Amino acid sequence: MKTETKKIYTLKIENINKCYKKSRVKANINLNINFKSGQIIALIGHNGAGKTTLLNQICGNVKPDSGNITYNDISLVKNSKYARDIVATMPQFHAPLAGVTLRQAINSILYIKVVSGDEAKKQLDNILKELDIHQWKKISGDKLSGGLQRLTSFAMTVVAPSPIILLDEPTNDVDPVRRKLIWKYIQKLANSNHVVIVITHNLLEVEQYADRYILLHKGEMVADTVINEIKLEDSIMKLCIDTSDNLDIASYPEAIDVQFNKEMHQIIFKLSYYQVMKAIEWLFSYIALGHVIRYSLVRENLDSMYRGLVNE
């Protein structure tokens, strides 16, 4: 039996430039990125790095000064109506929900997208269940907590998903349990062959859930990395040692950085991949002298790589 191969759809960003005339801020500088369906792609970077501006250009709210954005070989820059038809956007701020219940807000999107009857009820009930928000379905939107308003906004964006889904900080203010439910739903969307782009500052969530991250810095792309292809050789390792006595040791191995915490009787080494072996040899000699209570060697996370890429 043959396995059906999914067709990969590509959203192409080609030589995009955007400068805000009043502030003279160059929000995007010569960006060239391909976003493929079937992946969760995280856009990361400082505030003002150009992430939201890029999303606004994809959905047709902002026109680039130059360059093109295409999907299925159709320009979203020249065809803003087509962009609105195929792109769903969850903005950085909550959707206005005053005067409508959580359920009515989500149902309004189904109405706009001409989903009605039993199918609308099925899709609505399903997303209320998957995000675990059904108990608030009759509560007016303006009486919901910030986290629940965020969940409602997310549900409105994805209840009848468009081919391209743009999410600007979807888990902000959301409790830890439902943050996971949001990411689980995002994974479901990617697995259903949507183009999914997520702006987030939560690098731990990027490591855990995204397939790829794109780092923007001052309008430029400085990294485009598949998460599971990050090379060990490019990693920074952290060796933490809890000692049984004082830290006045005669020598210690070469390292990027060494920190001594005399009160905690702890040494922390920051090591390049190539410094690890000598550090381990030194550690074993230190163990042999009976000075080590416990130790750990871990790879530093995306946060450290991020800081390195933006020179912090």
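Me: Which helix is Phe284 found in?
Reply: Phe284 sits in helix H8, which covers residues 276-288. Helices (H or I, at least four residues) and strands (E, at least two) are DSSP runs, numbered from the N terminus.

Me: What kind of model am I looking at?
Reply: This is a predicted model: local features need pLDDT of at least 70, side-chain atom pairs count only at pLDDT 80 or more, and totals for chains, interfaces and linings use all residues. Residues are numbered from 1 along each chain as its sequence is written, and side-chain values use heavy atoms, with hydrogens and water left out.

Me: Back to Phe284, how exposed is that one?
Reply: Phe284 is partly exposed, at a relative accessible area of 47%. Buried means under 20% relative accessible area, exposed over 50%, and partly exposed in between (1.4 Å probe, protein chains only).

Me: Which residues form a nonpolar patch with Phe284?
Reply: Ile287 and Tyr295 do, and the three together have about 290 Å² of accessible area on the surface. Patches are made of residues with over 30% relative accessible area and no salt bridge; like charges are joined within 9 Å, and nonpolar side chains (Val, Leu, Ile, Met, Phe, Trp, Tyr) within 5 Å. The areas come from the Shrake-Rupley method with a 1.4 Å probe, and for residues only the protein chains shown count as cover.

Me: OK, where does Gln275 lie?
Reply: Gln275 is in the loop between strand E13 (266-272) and H8.

Me: Buried or exposed?
Reply: Gln275 is buried, with a relative accessible area of 13%.

Me: How many salt bridges, then?
Reply: The structure holds 10. A salt bridge is a side-chain nitrogen of Lys or Arg within 4 Å of a carboxyl oxygen of Asp or Glu.

Me: What does Lys18 pair with?
Reply: Lys18 meets Asp65 in a salt bridge, 3.6 Å from N to O. Asp65 lies in the loop between helix H1 (51-58) and strand E4 (66-71) and Lys18 in strand E1 (residues 10-20), so this pair ties together parts 47 residues apart in sequence. Lys18 is buried, with a relative accessible area of 13%, and Asp65 is partly exposed at 46%.

Me: What about Arg212?
Reply: Arg212 forms a salt bridge with Asp224, and their closest N and O atoms are 2.7 Å apart. Arg212 lies in strand E9 (residues 212-217) and Asp224 in strand E10 (residues 220-226), so parts 12 residues apart in sequence are tied together. Arg212 is buried at 7% relative accessible area, whereas Asp224 is partly exposed at 37%.

Me: And which residue does Arg294 meet?
Reply: That would be Asp242, in a salt bridge of 3.1 Å, N to O. The pair links distant parts of the chain, with Arg294 in strand E14 (residues 292-299) and Asp242 in strand E11 (residues 236-243), 52 residues apart.
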